[in-house]
Amino acid sequence: MKVFLLSLIFFATTTTNLAASENRANEEIDYLLNYISESGCTFIRNGKEYPSTKAAEHLQYKYGKVKNRIPDADTFIAKIASASSITRKQYEVQCGDERLPSGKWLKDALESFRLESRHS
């Protein structure tokens with residue numbers, strides 16, 4: 001009986017932690033997609049320029065295809081939002097005079113979001 005109760009407590013705790021982790025991942029990925037959409041920056045994908053709203057729509061589409069294999073926002077950035085899955089060419093972001101690889105730009109945004117979340 002004691003082993004059963006300990007197993008039940010372990011299962012409940014693990015399930016709760018997994019759900020919290022999944023919720024956090026969804027929250028962070030949603031934040032990144034909104035960040036992209038509202039940025040007003042130009043996205044360069046395979047040499048072609050796209051407005052931020054179109055870039056966010058494209059990444060949302062890609063994410064929807066493989067969502068079950070993307071456990072967190074860091075993986076989202078690495079596997080979905082940094083390069084073309086077909087050509088492997090890196091995405092870039094042009095914000096004003098600054099042009100950055102999208103992966104770096106999004107990692108910085110995610111880090112800021114995480115810092116703000118810890119302090120609120």
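The following questions and answers treat a predicted model, in which local features need pLDDT of at least 70, side-chain atom pairs count only at pLDDT 80 or more, and totals for chains, interfaces and linings use all residues. Residues are numbered from 1 along each chain as its sequence is written, and side-chain values use heavy atoms, with hydrogens and water left out.

Me: In what order do the elements of the protein run from the N terminus on?
Reply: Helices (H or I, at least four residues) and strands (E, at least two) are taken as DSSP runs, numbered from the N terminus. The secondary structure comes to four helices and four strands. From the N terminus on, these elements run α-β-β-α-α-β-β-α.

Me: How far apart are the end C-alpha atoms of helix H2 (residues 52-66)?
Reply: The expected span of a helix is 1.5 Å times one less than its number of residues. For the 15 residues of H2 this gives 21 Å, and the model agrees, since the end C-alpha atoms are apart by 21 Å.

Me: Within what arc do the buried residues of H2 fall, seen down its axis?
Reply: With buried meaning under 20% relative accessible area and exposed over 50% (1.4 Å probe, protein chains only), the buried residues of H2 are Ser52, Ala55, Ala56, Leu59, Lys62, Tyr63 and Val66. They line one face of the helix, because the directions from the helix axis to their C-beta atoms fall within an arc of 125°.

Me: Which exposed residues does the face of H2 turned away from its buried side carry?
Reply: An α-helix has 3.6 residues a turn, so residues three or four places apart point the same way. On H2, the face turned away from the buried side carries the exposed residues Tyr61, Gly64 and Lys65.

Me: Which residue's backbone oxygen does the side chain of Ser82 reach?
Reply: Ser82 lies in the loop between H3 and strand E3 (92-95), and this residue is buried, with a relative accessible area of 9%. At 2.6 Å, its side chain reaches the backbone oxygen of Ile77.

Note on methods
A polar contact is a pair of N or O atoms within 3.5 Å; within protein, one must be able to donate a hydrogen and the other to accept it, and residues adjacent in sequence count only if both atoms are side-chain atoms.
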